[in-house]
Amino acid sequence: MKCRRCEEQAVVEVRHAHAAYCPTCFVERCREQVSRAIGEHRMIRSGEKVLVAVSGGKDSLAVWDLLLDLGYPADGVYLGLGIGGYSDRSGDCARAFAERRGATLIEIDLASEVGFTIPQAANTRRMPCSACGLAKRHLLNKTALDHGYDVLVTGHNLDDEVAVLFGNTLQWNMPYLARQRPALPESSGFARRVKPLVRLTERETAAYCVIRRIDYIVEECPMASGNRHLLYKELLNTLEERDPGAKATFLNGFADRVAPLLDDLAAQERDSVGTCSRCGSPTTAEVCAFCRLRDQATRPPRRRKKRRRDRSVH
Ligand code: Q46
Ligand code: ZN
């Protein structure tokens, strides 16, 4: 295989683009795709303060690396979830990257910040990934606002976005569909949230990290089992295997033809947001979902009632 651009030996095949690239041209292509996503969706404006949510995984480290190389002086924020050795190793990858690039990394620890870890939150009514997602959204947004950042960048890639879209479509979850954008504008209580990797697949971000020699955490999160998005990703990978480009077509079709029809609903949703009576975060309820999660996760475990001896006579 020859590189589409320079005719050197290709090392990465991008099937949905019917092309292959040498390492140099592939990195160049990744930069172009990110640049294009930022421009198309007006994700970052000049002079804005940018914060990248860094998990230690390939996507968040790739997007941080790409932004720095594109000239955005982005800082990172790492949220320690308290998932044993997995969190320790993820944190190490985030710190090592920050040190290598001479970039600033803000660290927050869930347990010391709010008094519970994700394994503790798994004892609540929520599934672990749902509790984790809620905690991440709440604390990362709060950190961005508290430190005066204009934009919060996440490492969601094309595969993530397609899996979320697929899940929301299966359930016809209209409010969630209305909110599914590569860039969610800032609004009261929210920093702007953007996804510059939306044009790159998971395979591409992994290849990018390998070529750029970025060490990222490869192991799966031990709490991921039962995560529906993993199932959707598997299904969509089977589809993509048979029909390369199907994922991008699905996502782009939604963005071009459906999302604009949901603009009014998105605006209504934004208008219905008030503030949490406890923490002041944006919410449509009196107490926000995060405060309710914290109540449940930090509540002492109920004492089990002693079972009374069964004295019945059979
Ligand atoms: S960290 Fe958290 Fe993920 Fe682990 S518990 Fe689920 S959401 S799988 S990206
Ligand atoms: Zn609250």
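Trainee: Which residues are around ligand 1?

Mentor: This is a predicted model, with local features needing pLDDT of at least 70, side-chain atom pairs counting only at pLDDT 80 or more, and totals for chains, interfaces and linings using all residues. Residues are numbered from 1 along each chain as written, chains are lettered from A and ligands numbered from 1 in written order, and side-chain values use heavy atoms, without hydrogens or water. With a heavy atom within 4 Å as the test, the residues around ligand 1 are L81, C129, C132, K136, C221, M223 and A224.

Trainee: How many residues of that shell around ligand 1 are charged?

Mentor: Ala, Val, Leu, Ile, Met, Phe, Trp, Tyr, Cys and Pro count as nonpolar, Asp, Glu, Lys and Arg as charged, the others, Gly among them, as polar. Six shell residues around ligand 1 are nonpolar and none is polar. K136 belongs to the shell. The charged count is one.

Trainee: Which element gives the largest share of the lining of the second largest pocket?

Mentor: This pocket (on a 1 Å grid over protein atoms alone, an open set with protein on both sides within 12 Å along at least five of seven lines; lining atoms within 4 Å of a point) has 21 lining residues, with H41, P182, V198, N252 and A255 nearest its centre. Helix 1 (23-40), helix 7 (158-170) and helix 11 (246-258) each give two or more residues to that lining. Helices are DSSP runs (H or I, at least four residues), numbered from the N terminus. The largest share, six residues, comes from helix 11.

Trainee: How much space lies in the second largest pocket?

Mentor: Its lining divides into ten nonpolar, five polar and six charged residues. Volume is the space filled by probe spheres set on grid points joined across faces, edges and corners. For the second largest pocket it is about 470 Å³.

Trainee: What volume has the largest cavity?

Mentor: The structure holds one cavity (where a 1.4 Å probe fits but cannot get out) of 30 Å³ or more. H16, L158, T201, E240, G245, K247 and A248 line the largest cavity. That lining has two nonpolar, three polar and two charged residues. The largest cavity's volume is about 30 Å³.

Trainee: Are helix 2 and helix 9 roughly perpendicular or roughly parallel to each other?

Mentor: The axes of helix 2 (58-69) and helix 9 (202-211) come within 9 Å and cross at roughly 65°. Angles under 35 degrees count as roughly parallel, over 145 as roughly antiparallel, 65 to 115 as roughly perpendicular, the rest as oblique. Helix 2 and helix 9 are therefore roughly perpendicular.

How values were computed
Axes fitted to C-alpha atoms, helices over the stretch in contact; angles between N-to-C directions.
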